[in-house]
Amino acid sequence: MSLLSVEQLSKSYGDKTLFQDISFTISEKQRIGVIGVNGTGKSTLLKIIAGLESADAGEIIHANDFHIEYLSQTPYFKEGVTVLEAVFYGNSPLMLLLREYEKAMSSLEADPQNEKLQNKLFSLQQKMDAMDAWDTNTTAKTVLNRLGITMLNQQVSTLSGGQQKRVAIARALIQPADLLILDEPTNHIDNETVEWLEDFLAKYRGALLMVTHDRYFLNRVTNRMIELEGGNLYAYEGNYEMFLDKKAEREEREASSEQKRQNLLRRELAWLRRGAKARTTKQKARVQRAEALKEQEGPGQKGQMDVAIGSARLGKKVIEIEEISKSFNGKTLFSDFSYLVMPDDRLGIIGKNGSGKTTLLNILAGKISPDTGQVETGPTVKLGFYTQNHEEMDESMRVIEYIREAAEVIYTKDGHSITASQMLERFLFSPSSQWTYISRLSGGERRRLYLLRVLMDEPNVLFLDEPTNDLDIETLSVLEDYLEHFPGAVITVSHDRYFLDRTMDHLFALEGNGKVDRFDGDYSGYLEQKRKEEELAASKPAAAPADLKPKKEKARRLSYKEQKEWESIEDTIAELEEKHEEIESQIASAGSDFGKIDGLFREQQEVAAQLEVAMNRWEELSVLVEEIEKNK
């Protein structure tokens, strides 16, 4: 059953069209993820549906008693409001009753012998029974507890930004709504809370519409995807994984259509250039058709980071951390921590909010000093630091001017030059948008521009503090590709599980006990180890006889077949990669021989499929070999 219909919606800012004549419906129990590059209007679309902004054209249709609850990226609370008033806001009879009940409970706890308060609470409990409000109250308490919100009478204005975000999430989840709209709900909350939120939303009774960069979150929560691209809207049934498949199919169809258009255009232009003597009506029609073909726009080119960017030479000594400690307000964040950063390290710093992740990164960058210990930086280190709160930008500058201030040209490892304009294209700023004033960029576009500015300085050590906040998925993919080729060390603070899995191979976990636990592997591997440790602790018997020793498990070994496969699989992959490149070269040199190109293209697809199978098998075997080595 349809809950809400969006019909022929359009929105522009100045001469920039965000979306034009888009239409879609939201049905009961749908969990819809909205994705698109920063600046395409994702947050604006959510605000229009929530009734906070108006559209230029079009309408939104829903029932009169339809209720929408909206979570903003930057929540706003009235001055002086308490956590209790913020969470149980509104004038609905249910919210008024819950507010009154919680206040009475709090008052009675402070004065348990007060008979008047006891009678009032008893009366409110009867009202709770009559309105069947206990389920809502239980849900509210569960949400508040899991989000770490305990001081209900504290003023919201006295809380940190992260705590205020948690109060806003609790408010959105507790309010009864037909449609819950969430704009970047995973920003500024730790991984444990994100995982809990995933589970909660899976059982949510209403419909969901959300914008998030967290790809695991999208994959596990959504059952429909909406993409904004080039002013258009594309809808896909399924989660994020299915969206990727279906989008690839759509882009292949568009590319095929564009190739056919280009071929037809070439034929029409060839005919025109032959210079026919007579200009009949039929011939004039062909002229018009050729002109129309020329004016058609093909699918836009995607930014890609397909080159290894150069950087200043990095020596063997990068950063040496010697027994550093740091405390705030009597709380020890970490103590006696030592580590030697290597030139090719990929280190992720993880932990709950307030555990000291950003503090540790700032100490390593030399921005703040440790209480004890020292950090020595190598003489060849050229640091690039992407911070959560980037420097102020001169809004009167154009995008390309801001990047050219850092560098006009940078160079790849093999000496090829890349201009500032070309780098902007790789980071999804089209040639026309490069002359846009910074003042007209969205918040996400500014973050993307600032990221590129940091990289244009060609650092050889890169620090990233929560790089995934406010960046769209496509920009994150570009950054992940860049880091794959980056020749120096990378240290990042992040709560984005997908990003950590994709880019980091060592983790520093700040557990809140003053220790920094080191883990060799990605974030999913770390989680798996933690679960095993918890299961082992839960199943461990209270006491075991001293003379009974557990039998040692027989060590897993590679079979003869697996051993042979492991010895040869890297050569197989290299041969397939070489064959793939050779076919690509043949396609490039085939010119306009489309019959030959078609055959080569099919052969290349077969090789690509074989290569993917081989890579997957190599990954399986490498995990197995690693486990065997650990158990030796």
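How do the residues of the lining of the second largest pocket divide into nonpolar, polar and charged? I found eight nonpolar, eight polar and 17 charged, counting Ala, Val, Leu, Ile, Met, Phe, Trp, Tyr, Cys and Pro as nonpolar, Asp, Glu, Lys and Arg as charged, and the others, Gly among them, as polar.

Housekeeping: this is a predicted model, where local features need pLDDT of at least 70 and side-chain atom pairs count only at pLDDT 80 or more, while totals for chains, interfaces and linings use all residues. Residues are numbered from 1 along each chain as its sequence is written, and side-chain values use heavy atoms, with hydrogens and water left out.

Back to the pocket: on a 1 Å grid over the protein atoms alone, a pocket is an open set of points where a 1.4 Å probe fits, with protein on both sides within 12 Å along at least five of seven lines, and lining residues have an atom within 4 Å of a point. I noted 33 lining residues, with G521, D522, E619, V623 and E626 nearest the centre. Helix α19 (594–630) gives the largest share, nine residues.

Next I checked the sheet, taking helices (H or I, at least four residues) and strands (E, at least two) as DSSP runs numbered from the N terminus, and pairing as at least two DSSP bridges between strands. Six strands make an open, mixed sheet ordered β14-β17-β18-β12-β19-β20. β14 (383–386) and β20 (516–520) each have a single partner strand, so one side of each lacks a neighbour in the sheet.

Last, I zoomed in on β12 (346–351) and β18 (489–493), which pair in the parallel sense over four bridges; L347 has I491 as its bridge partner in β18.
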